[in-house]
Amino acid sequence: MTATNTKSTPKTDFALTPAAAGRAFAATRRSFLAGAAGALIVATLVGQDEATAAEACRFSNVPTNPNAFIKIGADNTVTVLVKHLDMGQGCATGLTTIVADELDADWSQMRAAFAPADHRLYNNFAFGPMQGIGGSTAIANSWTQLRKAGAAARQMLVSAAATDWNVAVSEIKIERGVVRHGTRQATFGELATRAATMAIPADPVLKQPKDWVFIGKDKSVGRIDTLGKTTGRTVFSLDMRRPGMLTAVVAHAPKFGARIKSFDATETRKVKGVVDVVEIPTGVAVVARDTWSAIKGRQALKTIWDFAGAETRSSETIMAEFKRQARQPGLTAGRRGDAERALKGAVKVVEAEFEFPYLAHAPMEPMNGTIERRADGVIEAWAGFQMQTLEQATIAAICGVSSTQVHLNTLYAGGSFGRRATAACDYVSEMTHILKATQYRTAIHLVWTREDDMTGGYYRPMVYHRVRAGLDSQGRIAGWDHRIVGKAIMIGTPMESMLVVNGVDRATVEGASDTRYSIDSLHVTVSNGREGVPVLWWRSVGHTHTAHATEVMIDELARAAGQDPLAYRLSYLDKAPRDAAVLKLVADKAGWGQPLAAGKGRGVAVHESFGTHVAMVAEVTVTGTAVKVDRIVVAVDCGIAVNPDVVRAQIEGAVGFALSSVLRNRITLRDGEVQEKNFDGFEPTRMSEMPKVEVHIMPSTMCPTGVGEPGVPVLAPAIANAVSAATGKRMRSLPLDLTQTGGA
């Protein structure tokens with residue numbers, strides 16, 4: 001069965017095919033050769049450590065199966081099967097770049113397509129065995145795997161040419177996708193059939209960095225998805241159309257934890273276009289011939305909810321409870337020395353409270369997906385699948401089939417920021433339940449409206465921090481006591497056994513309990529919040545609040561000690577050379593120490609997350625109670641920058657993404673109901689608000705890490721510290737609110 005769509009299939013370079021291509025590229029030699037003459041699929045046999053980097057790559061010794069990643073067609077195109085969802089972060093381009101370089105291909109012949117769901121072939125080595133993406137791991141876990149795939153393909157093409165031309169392998173060269181020997185030459189496509197018969201190299205030789213053509217080279221390749229997206233040819237989940245497809249929307253409970261008591265669909269069934277109304281575990285689904293009819297039918301639905309187990313408190317009430325919890329002993333998440341004793345001996349103690357609100361992910365494309373049962377009994381689905389293995393298993397369990405009977409077509413997603421990767425696979429589960437409740441009679445397209453997503457989804461936890469830090473007579477940090485209260489993300493999920501130790505969810509304390517500052521006496525505790533709001537990782541997870549509390553606090557301590565905040569930080573980074581290096585680089589590029597006009601301020605922050613080190617300097621102008629962010633200067637060390645342009649784009653995007661949460665955004669509860677329902681109440685950063693962003697990438701021979709998330713944590717503290725420098729007033733909680741201090 002092939003996907004049909006209201007949009008035409010991409011025909012030009014650099015546009016992904018519709019996800020049905022995943023099935024066409026099913027990774028078996030037999031199916032491939034049968035489907036495309038003159039084609040080659042290459043194995044990756046990873047068995048040795050990376051030899052060209054300064055350190056062994058984290059994911060070098062990982063097994064992979066053959067025939068999984070590269071397809072060379074008779075038309076001379078090279079298609080890379082991308083095992084991870086691209087939700088705007090650019091991994092389709094980055095992963096393709098790695099293969100293209102090792103293959104010595106010409107960029108114009110490169111294509112990309114999403115791989116089918118198969119954790120045996122497309123495991124994410126960072127957190128597998130499971131196919132999925134998160135934690136900025138796309139490039140990091142694929143780096144050696146795809147280099148070896150490309151190198152193996154290149155070696156097989158050369159062997160094929162040597163056989164055809166009866167010459168030595170050592171006499172053959174490949175230049176920009178053309179295989180040459182003297183006056184003879186052949187394209188990849190011409191050699192592919194022969195190459196497919198060559199032995200797969202067990203240990204292909206990788207290029208030396210000095211020979212890289214694309215990797216690490218600025219502007220050497222363009223984004224592989226730009227043309228398709230800018231011309232409207234790229235197929236997103238919302239674009240999917242199937243023969244006979246019906247659209248479903250769901251009436252969810254207005255309060256978290258409420259359950260359906262009864263409903264009356266009499267008026268709903270009178271709405272033109274409504275086909276069916278079915279109860280599912282998460283609410284009542286209205287199924288119609290189009291989205292508008294489904295929404296109108298839902299408006300006519302009469303429901304009675306049982307709020308006995310629902311969260312009915314306000315945000316303020318829950319935060320007050322968090323503050324009470326912070327005064328009680330918590331679970332130790334990190335300890336160095338004796339912080340309490342050190343604080344008693346301090347000559348000066350600084351105390352600070354930090355409040356962080358719930359935040360919505362608010363991707364531009366709300367949750368949606370299409371699912372149907374094929375004539376052969378296979379369940380087929382189309383969506384921006386982020387955790388394919390979990391999603392496949394979820395559908396299988398609901399439908400009572402094996403995972404092999406579930407075929408997923410991963411499509412481009414219009415953002416995620418963590419939202420699509422839930423342990424419960426919420427919207428995927430929901431669309432499957434609707435398919436089952438409607439007796440599998442036709443395809444179902446589940447659509448969440450913006451309001452559905454904003455009021456009924458998952459949120460960055462609301463968190464409270466209380467920090468007490470003492471200074472000695474020299475202005476040095478004598479002791480640091482850090483208490484955190486927030487609902488754990490991992491507890492109650494399948495990841496609990498891996499990421500929760502003695503009740504401590506590492507996602508709540510990361511970046512604080514393991515701070516890279518050399519503070520001898522440190523105690524970090526956590527208390528797990530008790531509330532009914534569903535919480536989830538939000539872009540950069542716990543670092544979104546731990547980096548802010550730590551970086552604002554250390555800035556405040558530097559000021560209290562009468563020292564320069566930059567120099568003060570550096571004096572505590574003696575064991576963190578990469579953090580110190582990006583801090584020095586950003587200071588140099590930002591002109592740290594140069595005077596600013598009245599009303600302007602400059603602030604700095606540095607943080608490591610997901611293996612990437614980022615330092616940021618913010619320059620702001622404060623007028624009354626208004627803050628304008630003028631300039632953001634960033635230094636980033638992500639190891640080898642596979643595609644510097646994508647790295648810059650990710651950092652710039654992180655600034656734009658996080659800025660609205662720094663200046664204004666929060667999700668608030670009133671009587672248990674979310675008050676912000678759309679972008680009018682949860683306003684993304686406007687173009688006019690976007691500061692000038694300058695990104696400087698640290699040269700490196702280290703293995704690549706991720707950049708999708710690490711740009712977020714440092715923005716808020718850099719801005720907060722800049723506002724303090726401009727006004728002399730310290731604001732700690734987010735979003736920043738100068739009205740609480742009376743303005744500048």
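Predicted model: local features only at pLDDT ≥ 70, side-chain atom pairs only at ≥ 80, totals over all residues.
Figure 1. Helix H3 passes helix H5 in a right-handed crossing. H3 spans residues 91–103 and H5 spans residues 138–165; the two pack at an angle of about 35°, and their axes lie 7 Å apart.

**Figure 2. Residues at the contact of H3 with H5.** On the H3 side, the contact is made by Cys 91, Gly 94, Leu 95, Ile 98, Val 99, Glu 102 and Leu 103. These residues meet a set in H5 that includes Ala 138, Ile 139, Ser 142, Trp 143, Leu 146 and Arg 147. Further along H5, the residues in contact with H3 include Gly 150, Ala 151, Ala 153, Arg 154 and Leu 157. By class, the contact of H3 with H5 comprises 12 nonpolar, 3 polar and 3 charged residues.

**Figure 3. Domain 2 and domain 3.** The domain assignment of the protein places residues 66–221 in domain 1. Domain 2 is assigned two segments, 237–308 and 367–447, and domain 3 likewise has two, 315–360 and 459–727. The centres of domain 2 and domain 3, taken over C-alpha atoms, are separated by 37 Å.

**Figure 4. The interface between domain 2 and domain 3.** Here 9 residues of domain 2 are in contact with 17 residues of domain 3. About 1,000 Å² of area is buried between domain 2 and domain 3, and carbon and sulfur atoms give 70% of this area.

**Figure 5. The salt bridge of Lys 255 with Glu 673.** The count between domain 2 and domain 3 is 1 salt bridge. In the pair formed by Lys 255 and Glu 673, the closest N and O atoms are 3.4 Å apart.

Terms used. Residues numbered from 1 in each chain as written. Heavy atoms only, no water. Axes fitted to C-alpha atoms, helices over the stretch in contact; angles between N-to-C directions. Helix = DSSP H or I, 4+ residues; strand = E, 2+ residues; numbered from the N terminus. Left-handed = near helix turned anticlockwise from the far one by under 90°. Contact = heavy atoms within 4.5 Å. Nonpolar A, V, L, I, M, F, W, Y, C, P; charged D, E, K, R; others polar. Domains from an automatic or database assignment. Buried area = accessible area lost by both parts, 1.4 Å probe. Salt bridge = Lys/Arg side-chain N within 4 Å of Asp/Glu carboxyl O.
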